[in-house]
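I opened my notebook to look up rings, charges over rings and nonpolar cores. Entries are below the picture.

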Amino acid sequence: MSNVARHRMGELINEIRDHQFKYYVLDAPTLTDAQFDALLIELTELEAKFPQLREADSPTQNVGGGFSTQFEQRDHIEKMMSLDNVFDTQELVAWFDRVEKEVTKPTYLCELKVDGLAINLTYENGQLIRGLTRGNGVTGEDVTLNVKTIRNLPHALKAANPPALIEVRGEVFFPLAAFNELNDSLEELGKPLFANPRNGAAGSLRQKDPRVSAQRPLSVVVHGVGAREGIEFDSQSDAYAKLAKLGLPTSDRFKICATRADVENFIKYYEEHRHDVEHEIDGVVIKVDSISEQQQLGFTSRAPKWAIAFKYPPEEVTTKLLDIKVSIGRTGRVTPFAFMEPVKVAGSTVTNATLHNAEEIVRKGVLIGDVVVIRKAGDVIPEVLGPVIEHRTGAERAFVMPTHCPECASELRAISTGDVDIRCPNTQSCPAQLRERIYYIGSRAALDIDVLGFEAAVALLDSKIITDESDLFDLTEEKLAKSEFFVKKDGTAGANVAKLLAALEEAKKQPLWRTLVALSIRHVGPTAAQALATNFASIEKISTSSTDELAAVDGVGATIAQSIVEWFAVDWHREIIKKWSKAGVTVVQKETAQLPQTLAGLTFVVTGGLESFTRDGISETIAAHGGKAASAVSKKTDYVLVGTDPGSKLAKAQEIGVPVIDEARFKQLLLGTA
């Protein structure tokens, strides 16, 4: 009788946990409350009757919503190999030669190389029991709860008699449309954006709370098999057909190729149509189709000999450089940029690309009128690589940095000793600088004012509603009615009027350091602003401090100190402070109960995205608990806090031996429990 009870209790536990996951994580219950309660009551009664069989983590002993991913390390049943890469036809031909030396006339399967996160999914008796990242190929991180939130991934295989065991390899990815929507929503919330869909997929899958993963519209495509019992395949294409019948998401973008020429045509086709695919791809994978031939070819220590990835190069196109123009930034800095005939690169049409400074133009040897090579580095930033010399006609001309501002005609010059950039000195009334400063005040980096985007900044200035930033917090509905941007066709106030006025009221409550950032004082970014706010507690105190007093603040230094003194020496700058203060903008550090100084004396550098903190929020948290948030890793750094998609700062920390911690460890330090 106890064996029957043990079996039934096991069934009930699995069924209850599955329904709890659907209810608490996926928000998609499949049972009524009464049906769920009946299962729980039956389990409770069995445990009361057979207490020796009760499991410590039984659903009767725990709260139902406690699902958390711990990223435990687990071994793959069968090693999860990587792929070797080739980058041109010559290297591909060499791979063909090696394969065909061992196998006579193989048939190849070509498929798209999805730019996502590799995953290993284990099904036992048709049930998804585990999801692991690739890791080092032998051991990966357990992300089972998170992969179960992926909508197109079945938790149970569609088969009356499913295989006893099968490891299915695939790629988790972000559909491009969904990725763009996610980044738009993150931007609205003032949170860090994901750099690209691959990072978005990795960051979304590596959430400790699977409910966060459930909110991200991830997808998965399967493209391989590891260990298996109760199912066999004759070929790669046969495997895909059988996996699809089991309900697993396979791709229909693959082709069986009988010849090398067929393979090369497939590669060429998708190189030209890579932006027609719903997800990002970075190449094509070519596999020998026959399983027996795969076994004959075997493996190296890290990759199968029967498969290769043909990687596409970063997209490069040529276009004509029509002109080199300059833009004027919010602090007057003059930056040259390339103005080109429109050209489509990496899926988008570009007409402008930065050239950084005059020295960079000379270094690259670019002339106005050149045919130039354009690349979107990382498929994101337009970059001029250089000229195509053979297309020159002799009509090309060198760029000459302008001597006067294109917006206000002021003479351009270096503002201070040692300034390598030339600037427009007309800071008060240069239209370009005004637009950029007003726009910057509304950005997330400064006061985060909804509606105050670039178009709104232009409208406020063009209609003379404001003359500079000092007027910004005196706006009223009547004043805004002077601009068509803020008025409906019937002459009444548009919806953005109320939003802007409400956002301005909220902006007045922002902390002192954000007010300092919003003033566009050269070199004063969030780190310096927070240090100034902490040490001086008011703009009045900052404005009356000497260069030496300011420079003595950790995180400020001589250059920033000199810039602050110069800024406050200008009459109309002080007028901004006066009018903002009168309007209620924060100019004095608000008194708050001091938080426990658990991070006192510690310096942190943060790299990557964090689950519980925004980019600015983590700096504020560190400062509020007595620590310092630095921007660069040095031997003075106590900890490097690493989130998802860390940058080069992680490598630097490892190189010089600075301790690296994750978010969980940081929270322990924060609470003083470490």
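Here is what I looked up, entry by entry.

**Ground rules.** I'm on a predicted model, so I kept its limits in mind: local features need pLDDT of at least 70, side-chain atom pairs count only at pLDDT 80 or more, and totals for chains, interfaces and linings use all residues. Residues are numbered from 1 along each chain as its sequence is written, and side-chain values use heavy atoms, with hydrogens and water left out.

**Rings.** I looked up aromatic pairs and got 16 of them. The rule takes rings of Phe, Tyr and Trp (its six-membered ring) with centres within 6.5 Å; planes under 30 degrees apart are stacked, over 60 edge-to-face, the rest tilted.

Tyr 439 is in helix H12 (residues 431-441) and Phe 454 in helix H13 (residues 454-462), 15 residues apart. Helices here are DSSP runs (H or I, at least four residues), strands likewise (E, at least two), numbered from the N terminus. Tyr 439 is partly exposed at 38% relative accessible area, and Phe 454 is partly exposed at 36%. For the cut-offs, buried is under 20%, exposed over 50%, partly exposed in between (1.4 Å probe, protein chains only).

Next I took Phe 604 and Phe 666, also an edge-to-face pair, at 5.5 Å and 90°. Phe 604 lies in strand E17 (residues 603-607) and Phe 666 in helix H24 (residues 663-671), so the pair ties together parts 62 residues apart in sequence. Phe 604 is buried at 0%, and Phe 666 is buried at 0% too. I also noted that ring pairs join Phe 604, Phe 613, Tyr 639 and Phe 666 into a cluster.

**Charges over rings.** My criterion was NZ of Lys or CZ of Arg within 6 Å of the ring centre and within 35 degrees of the ring normal. Lys 325 sits over the face of Phe 339 at 4.3 Å from the ring centre, and Arg 330 over Tyr 440 at 3.6 Å.

**Cores.** A nonpolar core is a set of buried Ala, Val, Leu, Ile, Met, Phe, Trp, Tyr and Cys residues joined through side-chain atoms within 4.5 Å. The largest has 56 residues, and Ile 449 and Phe 473 have the most contacts inside it. Its largest share, six residues, comes from H17. I then listed what Ile 449 touches (heavy atoms within 4.5 Å): among its partners are Ile 441, Phe 473, Leu 500 and Leu 504, not counting residues up to four places away in sequence.
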